[in-house]
Every structure is written in C-alpha cells, then in structure tokens.
Amino acid sequence: MPMYQVKPICGAHAETDLPTCMYKLPNIHAQKGNSCTPEHALQNGEVDPAVKALEARQDEIMRKLHELKAAVEGLAKTVTTPDADLDLTVSSSLSESASSTTFKGVTDLDNVLGKDLGALRDIVINANPAQPPLSLLVLHSLLCQRYRVLSTVHVHSSVSGVPPQLLSCLGPRHADSYARHMFQLGFTLIWKDVPKLQMKFSVQNMCPIEGEANVARFLFKLLAPYPSDPALATMVDSWVDTAFFQLAEGSTKERSTVLRALNSALGRNPWLAGQEFSLADIACYCCVLQSGSASAAPANVQRWIKSCENLGHFSPAKLLLQ
C-alpha cells in the first residue's frame, strides 16, 4: 500500500498528497509571521475556556456512564442469581439490631470490598449439607447485626432431601427482600454437593475462596480488623487452623490433645486470644460442638462454652445440631 506524505501546513494554504476523495479538514493553525500559532492557545500558558468546558463535559459524561453501569448491574442481580442451576429459593432475612459483641475497631466495607457503586455486593457460599458450616452461621448472625444483609438459602439440584433446619438456617423471609437496593450485603447459602466449602464474591477480579477456615477469615474481616499485633494475629490463625484440622477432622487422640490445650489457654484468659472475643473463639466453639466433644470437655472449656452461648450469636449453630 503506498504511503501518503503530509506536507507542512504552516502558511495560508496547507497542501497534502491525500486522495481527492477524502474530506478536506479545516486549517487549525493561523499564520503569524513565519511561525504556526494554535487558534485556541492563549498568552501566559493559559487554556482556552472552551477547552476547559469541553473537558468538564467529558468528565461529567464518564461519571454518569459509570453510575449507569453500576445501576444496570444492580438491576441485573434482581432477576438473576449468582450461581446457576438453583432449584429452590427458601428464605431471606434482614436484621438491624444492635450488636452485643464489641470488637476493637470497626471495618469499613468500602475499604475491604471497594467503593459501593450501587450494585449489591453478594457473598455466595456453596456448602455440602452433610457438613453444615456452623462457623458461617455464627458469622452471618454477627454480620446481620452490623450491616443490612439480604440473606437467602437455595438448594442445588445435586442434592435432595435437605432437612428443614438447613432450609431455614438464615432466618425467616423478610418482606422487603425484593428491594435489593435497601441492603448492603447479599449472603447467599447454596446447599450443593461439593467436596469442600466454596465462596464466591461479586468482585470480578477476586478468586473463589475454598475451605471453611479461609471463608471464616474473610467474613470476620468484614466485622473487625485482625489484631495489629503480629503475635496475637498468629495466635488467632493458629487456633482457627487447629479447630478445623484437628478438632473437626482429627482423630480422637488429636481432639483430646486440643481440648487440653484449650483448657490450659482458657485458664489464663477469658477468651482464646486474650481479653478480646475473636474468630478463634467462633471457630473452636463450632468445632467442639460439631465434634461432640462439649459434654466431655474440661472445666475451663465448659465455662468458656457457656460464655460463648451467653453472647447469643451461637444460637443458629446450636439449633442446627438439634
């Protein structure tokens, strides 16, 4: 293909070698002596007000397009579900009661999940009904006391015969569940035949999270930041791993060892991470309960179990096992 050469356009008339079939463009330079001066350039380096106005209009249009995109995404979520092949929508709930559990520091959803642009931020969890995630029910209860949460339970076609208590584990259906714009978080629990608990989130660049321990860590960060002290944060993580890998999945000998360690730690402090209630207490309580070790637990562990239950957030987990 031949290349066309553009000749300098300084002067009264610009000449080019462009084909005659193309439109002629207006000369955007004015002649002044032997130099080329832009028509819109002002003295002292200032920008033409017309150019400023054009840039402002462009910024406003981009802002409105961004808001429109967020609104369309939010509207799309009112008619579609985050997971395919759902057979039954069971329940929705909204709770705005004040939290009776105090945490050091308060998490800002925008800092953790990104700025809210109008679309509901959905947490979608696939869980096997043969292994109900008790810790997630406790964390859901705490989230409902901190935020406006739209909670729903679905049953996937891969499972059948789900017990009634699993269908209602997130509470009764709320009258305003159709109005998604009223809520800050969407919490969707799907009973599905999966080998390991999975969590998806409505952030496009976020990878799915697997394992109850990892999902519990993510959800707890929506309630309170992890301890700033590295040693304390490591202690919390250690108890969480111990709960899910030794209490929940370990042998009888491993469970006995963990119960002794719990009894020793709780003899020094009211909670596992010291003076403050933390994710370590949620994880260990749920795994002690689910493993059937509560009745044979040592004295300090028994006292701690009652302290957890007095908070009120553990009722959904306890009812699920009855």
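Is D237 buried, exposed or partly exposed? In this predicted model, D237 has a relative accessible area of 26%, so the residue counts as partly exposed. That value lies between the cut-offs, since buried means under 20% and exposed means over 50%.

Side chains of opposite charge can pair when their charged atoms come close. R217 also forms a salt bridge with D241, where the closest N and O atoms are 2.8 Å apart. This second pair again links helix α6, which holds D241, with helix α5, which holds R217, across 24 residues of the chain. The count for the model comes to two salt bridges, and R217, D237 and D241 are linked in a network. D241 has a relative accessible area of 31% and is therefore partly exposed, whereas R217, with a relative accessible area of 14%, is buried.

The helix that carries R217 deserves a look of its own. Helix α5 runs over residues 212-220 and is mostly covered, with eight of its nine residues buried. Among the buried residues of α5 are E212, A213, R217 and F220. F220 leads us to another part of the chain, because F220 is touched by S278, as are V236 and A273, when residues up to four places away in sequence are not counted. S278 itself sits in the loop between α7 (252-266) and α8 (279-291), and its relative accessibility is 8%, so S278 counts as buried.

In strand β4 (residues 121-127), seven of its seven residues are buried. In a regular strand the side chains alternate between the two faces of the sheet. In β4, R121, I123, I125 and A127 point one way, while D122, V124 and N126 point the other way, and all are buried. Strand β4 is joined to two other strands. Seven bridges connect β4 with strand β6 (residues 185-191), and these two strands run parallel; in β6, W191 is the bridge partner of A127. Four bridges connect β4 with strand β7 (residues 198-201), and here the strands run antiparallel; in β7, K200 is the bridge partner of V124. V124 has a relative accessibility of 3% and so counts as buried. The C-alpha atoms of V124 and F187 are separated by 6.2 Å, although the two residues are 63 residues apart along the chain.

What of the cysteines? The count of disulfides comes to zero. C286 is in no disulfide, and the nearest cysteine sulfur, that of C287, is 6.8 Å away. A disulfide needs a pair of cysteine sulfur atoms within 2.5 Å, so the sulfur of C287, at 6.8 Å from the closest cysteine sulfur in C286, is too far for a bond. C286 counts as buried because its relative accessibility is 2%, and C287 is buried too, with a relative accessible area of 3%.

I61, M62 and L65 make a nonpolar surface patch of about 300 Å², and M62 is found in helix α1 (residues 49-76).

Definitions and conventions. Residues numbered from 1 in each chain as written. Predicted model: local features only at pLDDT ≥ 70, side-chain atom pairs only at ≥ 80, totals over all residues. Heavy atoms only, no water. Patch = residues over 30% accessible without salt bridge, like charges linked within 9 Å, V, L, I, M, F, W, Y side chains within 5 Å. Areas by Shrake-Rupley, 256 points an atom, 1.4 Å probe, with all protein chains shown as cover. Salt bridge = Lys/Arg side-chain N within 4 Å of Asp/Glu carboxyl O. Buried < 20%, exposed > 50% of the residue type's maximum accessible area, 1.4 Å probe, protein only. Pairing = 2+ DSSP bridges. Contact = heavy atoms within 4.5 Å.
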